Amino acid sequence: MLGLWMLFFDAPEHTRLRKLMNKGFSPAVAEALRPQVEAIVERMLEPLRQKSEADVLQEIAYPLPVRVIAEMLGVPETLHEHFIQWSDALAIMMGNPRRTLEQTRLAQEAVLALTAFFRAAVAERRRQKGSDLISLLLDIEEDGDVLTEEELYAQCVMLLFGGHETTRNLIGNGIYTLLRHPVEMAELRESPEIIRTAVEELLRYESPVQYTGRTAKEDMEVCGVALHQGQQILFMLGAANRDPQQFKEPDQLNLKRLNNPHLAFGAGAHFCIGNQLARLEGQTAILKMVQQFPRMRLASPRLEWAANFGFRGLKTLPVVL
Ligand code: HEM
């Protein structure tokens with residue numbers, strides 16, 4: 001199943017799948033979702049107004065991305081909790097080279113459960129189309145080219161996973177970074193119009209995805225380093241995003257940074273298909289939290305990062321509201 005994810009394909013198979021899937025992720029599709037995302041965030045913030053403390057990850061950053069992508073895929077709310085757990089199991093398997101056999105088994109069970117869910121969902125959509133992403137993917141037909149059933153299930157699982165672990169860390173790392181930079185947080189509260197450049201800077205400063213990997217198809221030389229065919233390469237996005245040759249004062253958080261060609265969403269053919277959606281969720285959640293909880297501060301000075309080399313995110317983010 002994972003072998004069918006377009007993320008792991010080269011051209012021409014990748015090009016074909018990507019072209020088909022792009023339609024479900026155009027900037028217009030993301031923009032049309034804005035009111036829905038804003039309403040979901042408002043609903044999530046409502047119960048926090050009665051509380052004096054909360055865990056930002058548990059209350060907002062975990063459930064928001066999964067709720068948005070689950071709504072796009074037409075997944076019923078009763079299953080959202082399961083989706084979070086399945087996505088977690090996959091993230092541990094994919095992002096942690098020191099995973100245990102037990103963790104790998106849990107990821108396998110998650111893939112099987114998700115595939116079974118999407119198999120049933122696709123069958124239902126074939127009977128009755130809706131306005132969700134699965135129906136759209138079923139509809140997409142270009143140059144007589146369609147996704148096969150197995151490809152369709154695989155891309156649904158990939159979207160759920162791709163949109164969950166990463167975006168939650170954008171929100172969690174973003175709020176955490178702002179809480180550690182009170183001057184910049186006040187600047188954002190006073191000038192909410194800088195939210196777009198602010199989210200780009202937070203993506204650069206505490207990148208949710210720390211590396212991507214590739215395999216050399218042939219012997220080659222990159223920046224004076226010899227690579228041999230079959231050799232595995234890690235591209236350290238988090239490090240590139242602090243490269244002093246690319247960014248002026250790279251360790252400085254500058255929410256108004258204009259020239260910000262960060263690599264948080266990767267680059268090239270596999271550039272993140274969900275970048276517009278992630279930006280929308282990040283901008284909405286971060287701005288609303290900053291505006292609605294002006295006294296928010298860290299409840300503990302020492303926080304623990306999750307033991308995952310690929311996805312940078314905290315285990316918990318307790319705050320005083
Ligand atoms: C802050 C949030 C996000 C970050 C930092 C992020 C990061 C990335 C990165 C670095 C890549 C490139 C991987 C590579 O080159 O090996 C990628 C690809 C991808 N992302 Fe995201 N992503 C985010 C949100 C999302 C969302 C919301 C979705 C979908 C709903 C998504 C779906 C995908 C998919 C399907 C690919 C593979 C694209 C392809 O192979 O053509 N991502 N993402």
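Below, two colleagues chat about this predicted model.

Biologist: Let's start with the ligand. How many residues surround it, and which are the closest?

Modeller: There are 23 residues around the ligand, and the closest are Gly162, Gly163, Gly266, Cys272 and Gly274.

Biologist: And by class, what is in that shell?

Modeller: The shell around the ligand has 14 nonpolar, 8 polar and 1 charged residues.

Biologist: Which helices supply at least two residues of the shell?

Modeller: Helix H9, residues 149-179, and helix H13, residues 275-292, each do that. The largest share comes from H9, with 7 residues.

Biologist: Tell me about H13, then. Why would you call it largely enclosed?

Modeller: Because 13 of its 18 residues are buried, H13 is largely enclosed by the rest of the structure. Its length checks out too: at 1.5 Å a residue, H13 should span 26 Å, and its end C-alpha atoms are 25 Å apart, which agrees.

Biologist: Switching to H3. Which of its residues are buried?

Modeller: Val37, Ile40 and Val41 are the buried residues of H3. Looking down the helix axis, they fall within an arc of 95°, so they line one face of H3.

Biologist: Why would residues three or four places apart point the same way?

Modeller: An α-helix has 3.6 residues a turn, so residues at that spacing end up pointing the same way.

Biologist: What's exposed on the other side of H3?

Modeller: Pro35, Ala39, Glu42 and Arg43 are exposed there. As for the buried residues of H3, what covers them includes helix H5, residues 63-73, and H13.

Biologist: Now the largest nonpolar core. Which members touch the most others?

Modeller: That core has 81 residues, and Leu73, Cys156, Val157 and Leu160 touch the most other members. H9 gives the most to this core, 14 residues.

Biologist: What does Leu73 touch, sequence neighbours aside?

Modeller: Leaving out residues up to four places away in sequence, Leu73 touches Asp132, Leu133, Ile134, Cys156 and Leu160.

Biologist: Last one, Phe118. Where is it found? And is it buried or exposed?

Modeller: Phe118 is found in helix H7, residues 101-127. It has 23 C-beta neighbours inside 10 Å, so Phe118 counts as buried.

Biologist: What is Phe118 in contact with, leaving aside neighbours within four places in sequence?

Modeller: Phe118 is in contact with Tyr153, Cys156 and Val157. Take Cys156: Phe118 and Cys156 are 38 residues apart in sequence, and their C-alpha atoms are 7.3 Å apart in space.

Technical notes. Residues are numbered from 1 along each chain as its sequence is written. This is a predicted model: local features need pLDDT of at least 70, side-chain atom pairs count only at pLDDT 80 or more; totals for chains, interfaces and linings use all residues. A residue is near a molecule or strand if its C-beta atom, placed from the backbone, lies within 6 Å of it. Helices (H or I, at least four residues) and strands (E, at least two) are DSSP runs, numbered from the N terminus. Ala, Val, Leu, Ile, Met, Phe, Trp, Tyr, Cys and Pro count as nonpolar, Asp, Glu, Lys and Arg as charged, and the others, Gly among them, as polar. A residue is buried if 20 or more other C-beta atoms lie within 10 Å of its own, exposed if 12 or fewer, and partly exposed in between; C-beta atoms are placed from the backbone. The arc is that of the directions from the helix axis to the C-beta atoms. Two residues are in contact if their C-beta atoms, placed from the backbone, lie within 7 Å. A nonpolar core is a set of buried Ala, Val, Leu, Ile, Met, Phe, Trp, Tyr and Cys residues joined through C-beta atoms within 7 Å. The expected span of a helix is 1.5 Å times one less than its number of residues.
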